[in-house]
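Morning, everyone. Please look at the screen, and I will walk you through one protein.

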Amino acid sequence: MTQFHVLTNPGERLDIPAVRTIGVADLFDALRHGWRDFWEKPSHLAFLGLIYPLCGAIIAVWSSGNNAWPLLFPLISGFALVGPFLALPIYEMSRREEMGLDTHWRAAFDVFRTPAFASIAALGVMMLIAFTVWLMVAQFIYEAHFGPGSPPTLMAFINEVFTTPQGTSLMIWGNLVGFLFAAGVLASMVISIPLLLDRDVGAAVAVMTSLRVTLKNPVTIAIWGLMVAALLVIGAIPLLVGLAIVVPVLGHATWHLYRKAVVPPGETR
């Protein structure tokens, strides 16, 4: 049953990987390893990371051309909801480096031939649904404060948000709801895709394992989420160009975080 295998292990088994307790020191160690991996192949990974600033630029142009300025921030921030899937080639680079395989940038796209790709694609669809729902909710919040329509220019929108009581309320509610979306995706996806690249356990088992890691290490995972958000903001400030470095480093670091949080088969905790 191929459909069932997308959700569980081959043979319809439900083997749940064991998870470890991790601390803040492990987060910084994962980031150090992420930077090390990036530095070994900076041109390859910067090329892959350019996907983010390019997509951000396309979004900005689309928003301006369609008078959709209220969706500009939700669209860019919403990349965090699909980021774990978009970083898939970067995880693959880390996996191949660890195994001593070819790490040429073209080899990263061998990930699309992995036995678990159907499961990974299923998680990608889940992230895309979350992203779409977030945009719909963000539009609803804006219209609840300012009514239908959109400001004609970006400056008009900024003035609307930062100089009116409705704008203050919009920022409060928008950030609160956005935080809830991000927290849900972080808890369920923090190590799901790296796990599927490493072990063909199925989408349901991968999400369950990610949730177990989060429940076992709630403070550590919350700090990781804040670190990721802060680094993405820093990378986005210089016209999103910094994301070409930040995204590959975070992708590598996520792979190393997975290695710290999930017990390999046959190994004790």
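Let me start with a question: leaving aside its neighbours within four places in sequence, which residues is T114 in contact with? The answer is I120 and L197. Contact here means heavy atoms within 4.5 Å. Where is T114? T114 sits in the loop between α7 (88-99) and α8 (117-146). T114 is buried, with a relative accessible area of 17%. Buried means under 20% relative accessible area, exposed means over 50%, and partly exposed lies in between, with a 1.4 Å probe and protein chains only.

Now the ground rules. This is a predicted model, in which local features need pLDDT of at least 70, side-chain atom pairs count only at pLDDT 80 or more, and totals for chains, interfaces and linings use all residues. Residues are numbered from 1 along each chain as its sequence is written, and side-chain values use heavy atoms, with hydrogens and water left out.

How confident is the predictor? pLDDT is its confidence in each residue, from 0 to 100. The mean pLDDT of the protein is 82, and 82% of its residues reach 70 or more. Confidence is lowest in helix α3 (residues 42-49), with a mean of 52. It is highest in α12, at 94.

Next, the overall picture. The protein has 14 helices and zero strands. Helices (H or I, at least four residues) and strands (E, at least two) are DSSP runs, numbered from the N terminus. Of the 269 residues, 47% count as buried. Take contacts between residues at least 6 apart in sequence: 76% of them join residues at least 24 apart. The accessible surface comes to about 13,200 Å². Carbon and sulfur atoms account for 72% of that surface. Accessible areas come from the Shrake-Rupley method with a 1.4 Å probe, and for residues only the protein chains shown count as cover.

On to single helices. Find α12, residues 203-216. It has 14 residues and reaches 20 Å from its first C-alpha to its last, close to the 20 Å expected at 1.5 Å a residue. The expected span is 1.5 Å times one less than the number of residues. Which α12 residues are buried? They are A203, V205, A206, V207, T209, S210, V213 and T214.

Now back to α7. It has 12 residues and reaches 17 Å, close to the 16 Å expected. This helix is mostly covered: nine of its 12 residues are buried. Among them are L88, P89, I90 and Y91. Just after α7, G100 takes a positive phi of about 75 degrees.

α7 also holds a charged pair. E92 forms a salt bridge with R95, and the closest N and O atoms are 2.9 Å apart. A salt bridge is a side-chain nitrogen of Lys or Arg within 4 Å of a carboxyl oxygen of Asp or Glu. Why are E92 and R95 about one helical turn apart? Because they are three residues apart in helix α7. Are they buried or exposed? E92 is buried, and so is R95.

By this rule, the count comes to eight salt bridges. Another one joins D29 and R32, at 3.3 Å between the closest N and O atoms. These two are three residues apart in helix α2 (residues 24-40), so about one helical turn separates them. R32 counts as exposed because its relative accessibility is 52%. D29 also meets K260 in a salt bridge, at 2.6 Å from N to O. That pair links distant parts of the chain: K260 is in helix α14 (residues 243-261), D29 is in helix α2, and they are 231 residues apart.

Last stop: I141, in helix α8. I141 counts as buried because its relative accessibility is 10%. What does I141 touch, not counting residues up to four places away in sequence? It touches L170, W173, G174 and V177. The C-alpha atoms of I141 and W173 are 7.5 Å apart, although 32 residues separate them along the chain.

L176 belongs to helix α10 (residues 165-189). L176 counts as partly exposed because its relative accessibility is 42%.

That's my tour. Thank you.

Methods: pLDDT = per-residue confidence, 0-100.
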